[in-house]
Amino acid sequence: LDPGKSYSVSISASTNAGQGAFTSEVVVEESKSSLFQLRAEPFTSCEEWTISTENSIKSFIRSAVVDNIQDYCECGFLDSFITNESLFCDTQNPTQVVYRAKLFNFGSISSIQIVSWIEDWVLNGASVTSGPILVTFDPTCPVPLNSIN
């Protein structure tokens, strides 16, 4: 199921005696979400980006975030709970990117709590190795966001 959508659910059981009646529909509301951002470097200069490069950077950062969340909760958080990703490039520093995305509550864990784990990780010197390159996340860039723009 997509955590960003609402669903209707109706349940019935079958036994040797046949199929039982369906329950009345229950609406499962869209999960609550929070927005966040990360500033990271170094990456290929944004002046040379292609769609493939941009998708690779998003995937790399998303994987790092999911690994971090898993370190905090060991809860099976999936990268599909991170959506609406976008990358921004600083023309003054073209190897630095700002990654923005939305993430959803996961089970009993609120999206606000998950963003605070990401923020703790960044404030404590977050970095990820990609081959011979050490990608660092800027602790001066605020992680929680009020809007994606």
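Q: Which residue just after H1 takes a positive phi?
A: Glu74 does, with a phi of about 45 degrees. This is a predicted model, in which local features need pLDDT of at least 70, side-chain atom pairs count only at pLDDT 80 or more, and totals for chains, interfaces and linings use all residues. Numbering starts from 1 along each chain as its sequence is written, and side-chain values use heavy atoms, with hydrogens and water left out.

Q: How many residues does H1 have?
A: H1 has 23, residues 51-73. From first C-alpha to last it reaches 33 Å, close to the 33 Å expected at 1.5 Å a residue. The expected span is 1.5 Å times one less than the number of residues. Helices are DSSP runs of H or I, at least four residues; strands are E runs of at least two; both are numbered from the N terminus.

Q: What does Asn68 touch?
A: Trp117, Ile118 and Trp121, not counting residues up to four places away in sequence. Contact means heavy atoms within 4.5 Å.

Q: And what covers the buried residues of H1?
A: The cover includes helix H2 (111-123) and strands S5 (33-41), S6 (82-90), S7 (93-104), S8 (127-130) and S9 (133-137).

Q: Switching to the whole protein, what order do the elements run in?
A: β-β-β-β-β-α-β-β-α-β-β-β from the N terminus on. That is two helices and ten strands.

Q: What share of the residues is buried?
A: 36% of the 149 residues.

Notes. Buried means under 20% relative accessible area, exposed over 50%, partly exposed in between (1.4 Å probe, protein chains only).
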